[in-house]
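Welcome! Keep the picture open as you go.

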Amino acid sequence: MTIAPQHMPTPRSQPLRGGPVLRWGVVAPGGIAADFVHALHTHTDQRVSAVASRSIDRATEFAHRHGISRSYGDYAHLYADPDVQIVYVAAPHSEHLQLALDAIDAGKHVLIEKPIGLSAAEARTIRERARSRGVFAMEAMWTRFLPQIDVMMQLRDDGVIGDPRLVMADLGFAAEPGGRLFDPQLGGGALLDLGVYPVWLSHLWLGAPASVAVFGTRTASGVDEQSAIVLQYDSGAQALLSTGIRVSTPGRAAISGSDGRIEIDPSFVFPGGFTVTAAGVSGRYEDLSGLTHRDGMAWQAAAVARHVDDGLAESPLHPLQTTIEVLEIIDEARRVISLPQA
């Protein structure tokens with residue numbers, strides 16, 4: 001097919017408005033939760049009905065700031081709220097497993113901020129519990145639902161760049177020492193917080209690898225500081241990935257195939273565009289929605305509402321098996337760097 005800009009595939013992303021609507025509950029109202037609620041209330045028909053924190057003052061302030069009608073000083077009351085259909089878990093990684101299981105046991109669907117847990121084992125536990133209770137469960141890998149990702153998948157399926165042979169991606173920023181990312185008790189470190197993105201991107205294009213090679217360093221507090229990951233596949237394809245919390249990186253990503261390549265605009269985790277080159281011809285895809293940075297979480301929420309309305313237990317775009325396989329790679333990287341395993 002031609003790759004002239006005017007002939008780029010049309011994104012098949014779930015429309016942000018006009019589709020099914022869920023009533024959301026938010027657990028742990030921190031920074032990522034604030035961005036999530038802003039994205040929903042500004043760009044979609046989805047509505048957050050309640051928020052819970054261990055601090056009633058914090059929950060009340062968050063509710064007032066975001067126009068949420070109910071606030072709770074403990075999570076159990078939110079889980080018992082009959083008006084809440086789905087719970088968004090936005091706590092530190094170390095809390096994801098228990099909060100998700102409690103919500104599932106209360107009969108709520110769950111969207112759990114990435115990573116879904118500290119390990120592939122925790123992800124499997126969440127999957128099994130959700131299946132046994134008959135509720136929807138998904139990791140909040142919101143980049144998967146951005147329009148440019150869907151356009152790339154159409155180009156892949158049409159064979160525009162041939163067989164994918166090499167994925168390269170980096171993601172890092174210079175974090176303030178002493179915060180959550182430097183605390184091993186909260187699941188700190190670059191791999192769980194940032195590394196899941198480049199690893200997920202390689203999995204999207206190449207699947208689960210045959211082998212994993214890792215070089216990395218640790219901080220004085222004992223979390224992973226910087227890592228370089230090489231993934232080798234049975235097909236001969238490779239992924240070269242890096243992540244860190246000491247230096248800011250461009251957030252570049254590129255997929256090279258036997259017949260061409262796709263270069264994603266930095267930072268690849270946010271709404272944006274990409275350039276595709278094949279047979280000596282280049283074309284551009286531009287996201288014209290106007291959404292930037294974490295406002296892109298809006299597409300994820302709209303897609304989840306559609307999945308739940310369709311009666312699905314998992315997302316066909318980001319199934320739990322993908323989450324597990326990504327975390328298996330992270331597990332191996334953490335093992336090599338000699339970090340505790342959950």
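This is a predicted model, and we start with one of its helices.

**Exercise 1. Decide whether Leu231 is buried or exposed, and list its contacts beyond the neighbours within four places in sequence.**

*Solution.* 
Step 1: Locate the residue: Leu231 sits in strand S9, residues 224–232.
Step 2: The relative accessibility of Leu231 is 0%, so Leu231 counts as buried, the cut-off being under 20%.
Step 3: Leaving out neighbours within four places in sequence, Leu231 touches Ser202, Pro209, Ser211, Val212, Ala237, Gln238, Ala239, Leu241 and Ile329.
Step 4: For a distance along the way, take Leu206. It lies 25 residues from Leu231 along the chain, and their C-alpha atoms are 9.7 Å apart.

**Exercise 2. Describe how helices H5 and H9 pack, starting from the angle at which their axes cross.**

*Solution.* 
Step 1: Recall the general idea: two packed helices are described by the angle between their axes and the distance between the axes.
Step 2: For H5 (residues 120–133) and H9 (residues 320–336), the axes come within 8 Å and cross at roughly 160°.
Step 3: This angle makes H5 roughly antiparallel to H9, since angles over 145 degrees count that way.
Step 4: The crossing of H5 and H9 is left-handed.
Step 5: On the H5 side the contact is made by Ala120, Ala123, Arg124 and Arg127, and on the H9 side by Leu320, Gln321, Thr323, Ile324, Leu327, Glu328 and Asp331.

**Exercise 3. Work out whether the span of H9 agrees with its number of residues, then find what its buried residues pack against.**

*Solution.* 
Step 1: The 17 residues of H9 should span 24 Å at 1.5 Å a residue, and the end C-alpha atoms are 24 Å apart, so the two agree.
Step 2: H9 is mostly covered, with 12 of its 17 residues buried; among them are Leu320, Ile324, Leu327 and Ile330.
Step 3: The buried residues pack against H5, strand S6 (137–140), H7, strand S8 (211–218) and S9.
Step 4: After H9 comes Ser338, with a positive phi near 65°.

**Exercise 4. Repeat the packing analysis for helices H1 and H2.**

*Solution.* 
Step 1: The axes of H1 (residues 31–43) and H2 (residues 56–66) come within 11 Å and cross at roughly 25°.
Step 2: H1 and H2 are therefore roughly parallel, and their crossing is right-handed.
Step 3: Ala33, Ala34, Val37 and His41 of H1 meet Phe62, Arg65 and His66 of H2.
Step 4: The cover over the buried residues of H1 includes H2, strand S1 (23–27) and helix H8 (297–309).

Terms used. Residues are numbered from 1 along each chain as its sequence is written. This is a predicted model: local features need pLDDT of at least 70, side-chain atom pairs count only at pLDDT 80 or more; totals for chains, interfaces and linings use all residues. Side-chain values use heavy atoms; hydrogens and water are left out. Helices (H or I, at least four residues) and strands (E, at least two) are DSSP runs, numbered from the N terminus. Buried means under 20% relative accessible area, exposed over 50%, partly exposed in between (1.4 Å probe, protein chains only). Contact means heavy atoms within 4.5 Å. Axes are lines fitted to C-alpha atoms, for helices over the stretch in contact, and angles run from 0 to 180 degrees between N-to-C directions. Angles under 35 degrees count as roughly parallel, over 145 as roughly antiparallel, 65 to 115 as roughly perpendicular and the rest as oblique. A crossing is left-handed if the near helix is turned anticlockwise from the far one by less than a right angle, and right-handed if clockwise. The expected span of a helix is 1.5 Å times one less than its number of residues.
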